Amino acid sequence: MFGKLFGRGAERPGADPYALPATHRRKNGVYTLRALGDVRVLALVEAADAGDWEGVKAALEPFDLGRDHHVLGELADLDGLQDWIGRAVEEDKEHRATALLISGARHIVWGWEARTAARAVNVTQEQWRIFHERLHVAEEQLFEAAESRPEWITPWRQLLTSGRGMSLGDTVNETRFEAALRRDPLDLSSHLERVGQLQPRWGGEPGRALEFAREAFAGAPEGHPLGCVIAMAHIEDWVESDDENCLDTPEIQAELSDAARRSILHPGYERRLGWQNDFNMFAMALALASESIVCRRVFHELDGAYTIWPWTFMAQPEKQYARFRRHA
């Protein structure tokens, strides 16, 4: 049925030799994607979780950490990594830039863990102090990593997040964004962070993020994941709105459907490591817009794979994912 509806792009790709078996499916068929669904990433995460720097370096060999935001993100999310990565920074001169990058990314996540997701008015002075202290460390480490490896884009992408957290202003953030684009003009992760920066709750003008997303996607080739900026801009608008049905309009449904067909559902789309994150963005946006055709296809392709972000914007995110999936 899906092949008839969507053409040859509906065919599933061949088996991935590195795919991690989905062994923890819930009764409803949903499972949280672990280690990007890849056995090599799992080996990397397990080495880092054990504080095994030599093991981390060996496990990183298949990846380019200077460009792979998803793999870096898996390391940055590891609780306790901050307890030992500083030793690698100081002791391993040959791989200092890599250790600095990992440590800087972790300090950003660690900083947000101290701040929590509470509204700014509800964050205590002590939480703010720890937050800024950790982000300051992150900035120093990421700038050194960027200076050591000027071809890397990941330090600049991380500096976009720390700049937003430290309220450095749009001039600084735009300069950092441009630095990222000089290394990859179509980098999805940097564009997604820029969409967040342009939201009113971070000082942006209403409507500017969606305008930016449309301009960015207009310059992308068919099948490029940059279409996700359209999905994310609408999700961000939903977060900002007091109307939970604000995306349920024919115009938004059409825009999201077209963006999905031109990006993640296009035959030219390449399912690289972390592709499930792209599909989850569209799944959430299409579901919030009450779109019924393309949304079904996106959930079908995910086959129950749930990524925490962007569903974390919702209360009980996994249950919401399962509910939308069931009704798609």
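Leaving aside neighbours within four places in sequence, Ala19 is in contact with Gly37 and Val39, where contact means heavy atoms within 4.5 Å. Ala19 is found in the loop between α1 (2-6) and β1 (31-32). Its C-alpha atom is separated by 36 Å from that of Asp248, 229 residues along the chain from Ala19.

The model is predicted: local features need pLDDT of at least 70, side-chain atom pairs count only at pLDDT 80 or more, and totals for chains, interfaces and linings use all residues. Residues are numbered from 1 along each chain as its sequence is written, and side-chain values use heavy atoms, with hydrogens and water left out.

**Overall form**

The protein has 17 helices and two strands; helices (H or I, at least four residues) and strands (E, at least two) are DSSP runs numbered from the N terminus. The radius of gyration is 20 Å, close to the 20 Å that the globule rule gives for 328 residues, so the protein is as compact as a globular protein of that length. This radius is taken over C-alpha atoms, and the rule is 2.2 Å times the number of residues to the power 0.38. Along the principal axes, the C-alpha atoms fill a box of roughly 60 × 45 × 35 Å. Of contacts between residues at least 6 apart in sequence, 65% join residues at least 24 apart.

**Burial and cores**

Buried residues make up 51% of the 328 residues. Buried means under 20% relative accessible area, exposed over 50%, and partly exposed in between (1.4 Å probe, protein chains only). Two residues illustrate these classes.

| Residue | Relative accessibility | Class |
|---|---|---|
| Ala19 | 38% | partly exposed |
| Arg176 | 6% | buried |

Arg176 lies in helix α9 (residues 170-183). Not counting residues up to four places away in sequence, Arg176 touches Glu139, Phe143, Trp156, Leu159, Leu160, Ser162, Gly163 and Leu168.

The largest nonpolar core has 56 residues, and those with the most contacts inside it are Val229, Ile264, Phe282, Val298 and Trp311. Such a core is a set of buried Ala, Val, Leu, Ile, Met, Phe, Trp, Tyr and Cys residues joined through side-chain atoms within 4.5 Å. The largest share of this core, ten residues, comes from α14. Val298 touches Ile264, Leu265, Phe279, Phe282, Ala283 and Leu286, not counting residues up to four places away in sequence. A second, separate core of 43 residues includes Leu42, Val45, Ile102 and Ala180.
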